[in-house]
Each structure stands twice: as C-alpha cells, then as structure tokens.
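Thank you all for coming.

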Amino acid sequence: MKFDYNKIRSPREKLGGYLFLPRLIDKVRLQAKGELPAEYCGNLFGKGNALDNRLLQFTGLDAEKLREVILTSYRDEEVLDWVEKNAIRHTEKEVAAWIKEIDTYRPAPEGVLFRKKNYPELAKRIDIGALNVLDMIDMDEGRIPVK
C-alpha cells in the first residue's frame, strides 16, 4: 500500500515560528497509529542532522516528553503551548539564523546520487546537488513537480 504524503506536512511549515514542528507532530501521530512508513521511522527523533534532531537541539526539548505531549494533545496549539513553556528561549534573530542554517543545508553525496537516479529527467535540467534538504523532501513527497 502506497503512503499518502498528504498526511504529512511539508518540512517548510511552521508552528509558532518553529520550522518543521507541524511535520514532527504528524510523524509522531502517524507512527503511533502504525501508519508512518518504515523509512521515516529511522529519522523520527533521530540523531545527527536529521531534522527532528535539529529541532530538538535548537529547542532543548526532550524527545520522549515531546512525543508524550503530541500524543496527548488534540490540537497543534496545545503542543505549541507546551513547547513555548519548555523550550530554550531564542530571539527572533536566533530563530531566523537557525532557519537559514537549515535552509542552506545540503544532503550528503549519497542522497544526491539517490535522487539523480530517481529523477533522471530532472537531473538533466537542474543541479540536484544545489537543492536543499527541504527541497528534496518536498520533491520526494510530490510537493515540487519533477517533470
């Protein structure tokens, strides 16, 4: 059965200024229902440069506490309220710098090669290596047309 990518928001979406938080909420809820594809589960609250982990590092939030709040909240705003009470306080300038850092992050060479294989027609037209990680996720999930 093919996963419906409409069930998961773009990594570009923000909640309360937090890039990626709406997507993380979706991923946690889908995993709890057994609906999150296996290839997404490994990155859920993953280590290193996984976007989930980068959000946790920036906010200083505990992954398991955040997961619990997401699963016991009915609305995104409830999650945001908890995040705002428990996250490291950042200035608007710091938030903008963090978003810019993510926006300029480029996937590892193996990720670029994988996408060149999967999108050969697109690779003929553009430098796939110039796409940022948000572009690649949106492309993989059908939000950016590849034809």
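**Helix α3 and its surroundings**

Let me start at the end of a helix: α3 is followed by Gly 60, whose phi is positive, near 75 degrees. Before I go further, please keep in mind that this is a predicted model, in which local features need pLDDT of at least 70 and side-chain atom pairs count only at pLDDT 80 or more, while totals for chains, interfaces and linings use all residues. Residues are numbered from 1 along each chain as its sequence is written, and side-chain values use heavy atoms, with hydrogens and water left out.

Now to α3 itself, which spans residues 51-59 and has 8 of its 9 residues buried, so it is largely enclosed by the rest of the structure. Here buried means under 20% relative accessible area, exposed means over 50%, and partly exposed is in between, with a 1.4 Å probe and protein chains only. The buried residues of α3 are Leu 51, Asp 52, Asn 53, Arg 54, Leu 55, Leu 56, Phe 58 and Thr 59. What covers them includes β2 (18-19), α1 (21-32), α4, α6 (92-103) and α9 (133-140).

Two packed helices are described by the angle between their axes and the distance between the axes. Those axes are lines fitted to C-alpha atoms, for helices over the stretch in contact, and the angles run from 0 to 180 degrees between N-to-C directions. For α3 and α6, the angle is about 160 degrees and the axes are 12 Å apart. The two helices are therefore roughly antiparallel to each other, on a scale where angles under 35 degrees count as roughly parallel, over 145 as roughly antiparallel, 65 to 115 as roughly perpendicular and the rest as oblique. α3 passes α6 in a right-handed crossing; a crossing is right-handed if the near helix is turned clockwise from the far one by less than a right angle, and left-handed if anticlockwise.

On the α3 side, the contact is made by Leu 51, Arg 54, Leu 55 and Phe 58, and on the α6 side by Glu 94, Val 95, Trp 98, Glu 101 and Ile 102, where contact means heavy atoms within 4.5 Å. These residues divide into 6 nonpolar, no polar and 3 charged, counting Ala, Val, Leu, Ile, Met, Phe, Trp, Tyr, Cys and Pro as nonpolar, Asp, Glu, Lys and Arg as charged, and the others, Gly among them, as polar.

Leaving out residues up to four places away in sequence, Trp 98 touches Leu 19, Arg 54, Leu 55 and Phe 58.

**Helix α5 and its two partners**

Let me turn to α4 (residues 63-72) and α5 (residues 76-86), which pack at an angle of about 150 degrees with their axes 9 Å apart. That makes α4 roughly antiparallel to α5. Lys 65, Leu 66, Val 69 and Ile 70 in α4 meet Val 79, Trp 82 and Val 83 in α5, and the residues of this contact divide into 6 nonpolar, no polar and 1 charged.

In the loop between these two helices we find Ser 73, which counts as buried at 11% relative accessibility. A polar atom of the Ser 73 side chain lies 2.6 Å from the backbone oxygen of Val 69. Apart from its neighbours within four places in sequence, Ser 73 is in contact with Arg 29, Glu 78 and Val 79.

The other partner is α1, which packs against α5 at an angle of about 115 degrees, with the axes 11 Å apart. That makes α1 roughly perpendicular to α5, and their crossing is right-handed. Here Leu 21, Ile 25 and Arg 29 in α1 meet Asp 76, Val 79, Leu 80 and Val 83 in α5.

**A last residue**

I will finish with Phe 20, in the loop between β2 and α1. Its phi is near 85 degrees, a positive value in a residue other than glycine, and at 4% relative accessibility Phe 20 counts as buried.

Methods
Helices (H or I, at least four residues) and strands (E, at least two) are DSSP runs, numbered from the N terminus. A polar contact is a pair of N or O atoms within 3.5 Å; within protein, one must be able to donate a hydrogen and the other to accept it, and residues adjacent in sequence count only if both atoms are side-chain atoms.
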